[in-house]
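Here's a friendly walk through a protein model, written for someone just starting out. Have a look at the picture, then read on.

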Amino acid sequence: MSISAPRYAGGTFPRVGRSGRVLGLFLHELRARAGWGTWTVVGFSYAAVVIIVVLTAEFSSLLGTVSLSTLHAPYASVIWPYLVLIVATAVASGAIADDLGNRSITLYLSRPIHLTDYLGAKTAAVAVWVALPSIGPGVVGVVIAAGLGLLPATVSLEGIGAFVAVGLLTTGFFTTLGIALSTLTSRALFAGVALFGATLSAHLAALAVSGATGANGVLYLSPITDLLTVADAAFSTGAADPISALGALAVLLGASVVLGVVAFLRLTRVEVVGE
Amino acid sequence: MTAVLEAVDATKSYGEVLGLNGFTATVGPGTTGLIGPNGAGKSTLFRLLVGQLHLDRGRLELLGHPAGAQGEFRRRVGYCPEHFALYDWMTGLEFVTGLLRVDGFGRAEARGRAGAAIETVGLADAAHRRIRVYSRGMRQRVKLAQAIAHDPELLLLDEPLNGVDPVGRAHLIDLFERLARDGRHLLVSSHVLYEVERLTESIVMISNGRALAQGDFHRIRDLLDARPHTIDLATPDPRGLARVLSGWDHVVAVEFPADGRLTVRSRAPETFYRDLPGVVVAEGIRVTAMRSVDDNLDAVFRYLTEGRG
């Protein structure tokens, strides 16, 4: 009599390809980041920005001074960028840190996905969440104002383009910053504090140093100032900003690329160690 | 076929602490037990196999692929980690479904498979409850469900019975036997030799990051049988359970270390583990957790280590 090991007969089930698996992880992550607090801030962003755009368009329409710069109003203060920062903090800080903290990254990466797929899906899901308050409100505001007959078609299209461009830049920067910080710790709280704290500190410190010394170049270190400067240029306000819009754009784009690389390199070196 | 696992001088350190220290072993088809005391390097080996740790030195292959390699061959592997790698705010069904999507199953197929896997591990009633309300044993089962749901060829099970109640333990051992009969390969780690006894005679003994022995475990068990085996039980009625257990010939001592806890010393652990579920059912006494305190196994390992040294 001979004995042989039983032959495995499973594993012949049809499965989706790599892109489908990444999509699955993306949708999973998109849902995972949907907290009520995030929804509240996103809703507030829409309400505030839409009201500002429509009211500004209404007044400008009455005064006959409607132009692209009319739509810049939501960027006249730091409130909108900070609302976006709050959402980015809420969704990005835990994107990787939670998986490292509860070690579920082990379950993901033991499956047939690549590190780049994992990072890409996580980043894309966070980016969608950050884009909601950074791109959507301006676009919706313009559409509503145009629908009410307050904006001519050309201004509306230019306005949508400007809101999308500045919103994409905002989304890219805060997403990569949040993801990079999230890979550095297994505590979402630490990543969140670092994300919000670093941005706020850089903003306040740059303003203080610039005010005290007159050295405007230090303002490039503040992402919020960079974003507002780029917004001034995108909406053709003609404001005399202390730093150049092109320089601010280069800083934000460069920082986004560097942060993306940092996140990837960090993940390739991550080891999940037990209790 | 290619060896399921092949390790040659596999070494991994955490700073100055050696997790694996020149681990060399070959695991063939079927079920293999990876036996060693806590801190022996079992979980380090599993984490290396699934790519969550990087080897410092040596060679480690899984199903003919370098351990840690990413890609399609991972479809053939199911991994149940020792720690609770879970999203507490999800239901068990959502958790398993989400991971199956990453495995490449469509939405409907993933949900169907997740439901079937959860039912297989005996968690159907709790499938729609959030994981945060799961007991330790239920969490263990949902981890196991995600490991088997995609029908893998090889299952890496790191202490899969830890924290599971006696009835659940018997159920899961039956499940592992069934999976093995279907032709799957199982690498099951445990610090309790008796847990693995029902599953396989093929074991790899690991201690201090080294493979001490590989092969038939009966000789090892003989060494253990000479010493009382300590089992820690959690139950709302420790005195009621102690009354029943103290009547068994092989139980040499019962202690109450804390409220709701009972420690039993038995000279026949196999018989103890076999008969306990029957008592639990017959007497209606709930046992919420069972843990083998591995002093005895440590002693055997010390004996083996010293004997070899």
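This is a predicted model: local features need pLDDT of at least 70, side-chain atom pairs count only at pLDDT 80 or more; totals for chains, interfaces and linings use all residues.

Residues are numbered from 1 along each chain as its sequence is written, and chains are lettered from A and ligands numbered from 1 in the order in which they are written.

**Chain A overall**

- Chain A has ten helices and zero strands; helices here are DSSP runs of H or I with at least four residues, strands are DSSP runs of E with at least two, and both are numbered from the N terminus.
- Of the 275 residues in chain A, 48% are buried; buried stands for 20 or more other C-beta atoms within 10 Å of a residue's own, exposed for 12 or fewer, and partly exposed for anything in between, with C-beta atoms placed from the backbone.
- Take the contacts in chain A between residues at least 6 apart in sequence: 77% of them join residues at least 24 apart. Two residues are in contact if their C-beta atoms, placed from the backbone, lie within 7 Å.

**Two helices meeting in chain A**

- Helix H1 (residues 18-32) and helix H5 (residues 115-134) of chain A pack at an angle of about 45°, with their axes 8 Å apart. Axes are lines fitted to C-alpha atoms, for helices over the stretch in contact, and angles run from 0 to 180 degrees between N-to-C directions.
- H1(A) and H5(A) are therefore oblique to each other; that is the label left over once angles under 35 degrees count as roughly parallel, over 145 as roughly antiparallel and 65 to 115 as roughly perpendicular.
- The residues of H1(A) that take part include A:Val22, A:Leu25 and A:Phe26, and those on the H5(A) side include A:Ala121, A:Ala124 and A:Val128.

**The four-stranded sheet of chain B**

- Four strands of chain B make an open, antiparallel sheet in the order E2-E1-E4-E5. Two strands pair if DSSP finds at least two bridges between them.
- At the edges are strand E2 (17-27) and strand E5 (65-66) of chain B, each pairing on one side only.
- Helix H1 (residues 42-49) of chain B packs on this sheet and touches E1, E2 and E4 of chain B.
- Strands E1 (residues 5-14) and E4 (residues 57-62) of chain B are joined by five bridges, and B:Leu5 has B:Leu62 as its bridge partner.

**The six-stranded sheet of chain B**

- This open sheet runs E6-E7-E8-E3-E9-E10 in chain B, and its pairing is mixed.
- Its edge strands are E6 (77-80) and E10 of chain B.
- Strand E3 (residues 31-35) and strand E8 (residues 185-190) of chain B run parallel and share five bridges, with B:Thr31 opposite B:Leu186.
- Helix H5 (residues 166-181) of chain B packs on the sheet, touching E3, E7 and E8 of chain B.
- Strands E9 (residues 202-207) and E10 (residues 210-216) of chain B pair in the antiparallel sense over six bridges. In their hairpin, which has two residues between the strands, B:Asn208 takes a positive phi near 50°.

**Nonpolar cores**

- In soluble globular proteins, nonpolar side chains tend to be buried together.
- The largest nonpolar core has 146 residues, and A:Val87, A:Val130, B:Val96, B:Ala145 and B:Leu156 touch the most other members. A core is a set of buried Ala, Val, Leu, Ile, Met, Phe, Trp, Tyr and Cys residues joined through C-beta atoms within 7 Å.
- Helix H3 (residues 79-101) of chain A gives this core its largest share, 14 residues.
- Another core, of 13 residues, lies apart from it and includes B:Ile231 and B:Met290.

**Residues to look up**

- A:Arg103 has a positive phi near 65° without being a glycine, and with 21 C-beta neighbours inside 10 Å it counts as buried.
- B:Leu63 also is not a glycine, yet its phi is positive at about 50°; B:Leu63 sits in the loop between E4 and E5 of chain B.
- B:Gly240 and B:Ile285 are 45 residues apart in sequence but 7.6 Å apart in space, C-alpha to C-alpha.
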